[in-house]
Amino acid sequence: MNTVIAIDGPAGSGKSTVARLLAERLGLSFLDTGAMYRAVTALAIRRGIDVTDEDALTSLASTVDITTTPRVIINDLDVTEEIRTSEINSTVSMVAAVAGVREAMVRRQREFAERQPRGTVVEGRDIGTVVFPQATLKVFLTAELAVRETRRAGEGSDSIASRDLLDSSRASSPLRIDADAIELDTTHLTVEQVVGEISAWLKAH
Ligand code: CDP
């Protein structure tokens with residue numbers, strides 16, 4: 001298996017910023033799996049699909065083309081800005097809870113990593129537990145809710161807390177720390193410090 005660094009954690013724990021910078025420093029590819037679930041949600045809404053219609057969501061997710069870097073594109077549609085709106089924030093966790101949607105995304109995530117011979121930093125909720133159980137390094141980032149809320153100015157703590165609850169309590173691949181993962185509380189750390197810690201673990205690995 002190619003090198004995979006799995007970065008999981010709740011909303012606003014710093015995953016994206018850290019994963020992106022780490023990938024850049026190490027010369028690895030970067031995969032934002034949250035953007036994939038957000039893109040499917042955006043297209044479902046545009047098509048008028050009910051976010052409780054599991055069959056329709058599964059068939060949509062199974063047939064779409066998605067790229068997340070440098071822009072988030074689904075079926076030739078650029079949804080980079082659209083996927084960050086409050087409408088998507090409040091619906092994405094329902095879409096991501098659908099087992100068929102997850103299967104379709106996980107397949108694409110594994111295929112993406114296979115195509116990156118230098119390796120990939122992958123961030124999400126189930127990367128170390130389900131998508132890449134054999135990952136080279138598994139990191140689980142956390143931070144106090146108040147800090148996560150500040151980092152997500154505009155989303156609001158209710159929305160963050162309700163996504164966290166849905167993501168951790170769903171039946172299919174819930175957010176949880178893998179037994180092999182190293183946990184890091186980023187509440188009082190800068191991005192540089194977090195990237196430094198992970199790089200040091202990687203060297204010691
Ligand atoms: O950036 P933030 O942590 O706020 O969220 P995100 O990574 O963009 O993910 C958005 C949503 O997608 C999460 O709240 C989860 O419901 C879902 N997701 C997931 O279920 N599994 C993943 N591997 C990544 C995201």
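Mentor: An oxygen atom of the ligand lies 2.8 Å from an N or O atom in the side chain of R170. Remember that this model is predicted.

Trainee: How much of the ligand's exposed area does the protein bury?

Mentor: Taken alone, the ligand exposes 530 Å². The protein buries 99% of that.

Trainee: How many residues surround the ligand, and which are the closest?

Mentor: There are 20 of them, and the closest are R38, R102, R152, R163 and D167. By class, the shell holds 10 charged, five polar and five nonpolar residues. Helix 2 gives the most, with four residues.

Trainee: How do I find empty space in a model?

Mentor: Rolling a probe the size of a water molecule over the atoms shows where empty space is left. Here, the ligand takes the space of the largest pocket. That pocket holds about 440 Å³. It has 27 lining residues, and K15, G34, R38, R125 and R163 are the closest to its centre.

Trainee: Which element supplies the largest share of that lining?

Mentor: Helix 2, with five residues.

Trainee: What is the volume of the second largest pocket?

Mentor: About 220 Å³. Its lining includes L31, M36, F112 and R115. Helix 5 (99–114) gives the most to that lining, with three residues. By class, the lining has five nonpolar, three polar and four charged residues.

Notes:
Residues are numbered from 1 along each chain as its sequence is written. This is a predicted model: local features need pLDDT of at least 70, side-chain atom pairs count only at pLDDT 80 or more; totals for chains, interfaces and linings use all residues. Side-chain values use heavy atoms; hydrogens and water are left out. A residue is near a molecule or strand if one of its heavy atoms lies within 4 Å of it. A polar contact is a pair of N or O atoms within 3.5 Å; within protein, one must be able to donate a hydrogen and the other to accept it, and residues adjacent in sequence count only if both atoms are side-chain atoms. Accessible areas come from the Shrake-Rupley method with a 1.4 Å probe; for residues, only the protein chains shown count as cover. On a 1 Å grid over the protein atoms alone, a cavity is a set of points where a 1.4 Å probe fits but cannot get out, and a pocket is an open set with protein on both sides within 12 Å along at least five of seven lines; lining residues have an atom within 4 Å of a point. A molecule sits in a cavity or pocket if more than half of its atoms lie within 2 Å of its grid points. Helices (H or I, at least four residues) and strands (E, at least two) are DSSP runs, numbered from the N terminus. Ala, Val, Leu, Ile, Met, Phe, Trp, Tyr, Cys and Pro count as nonpolar, Asp, Glu, Lys and Arg as charged, and the others, Gly among them, as polar. Grid points are joined across faces, edges and corners, and a volume is the space filled by probe spheres set on the points.
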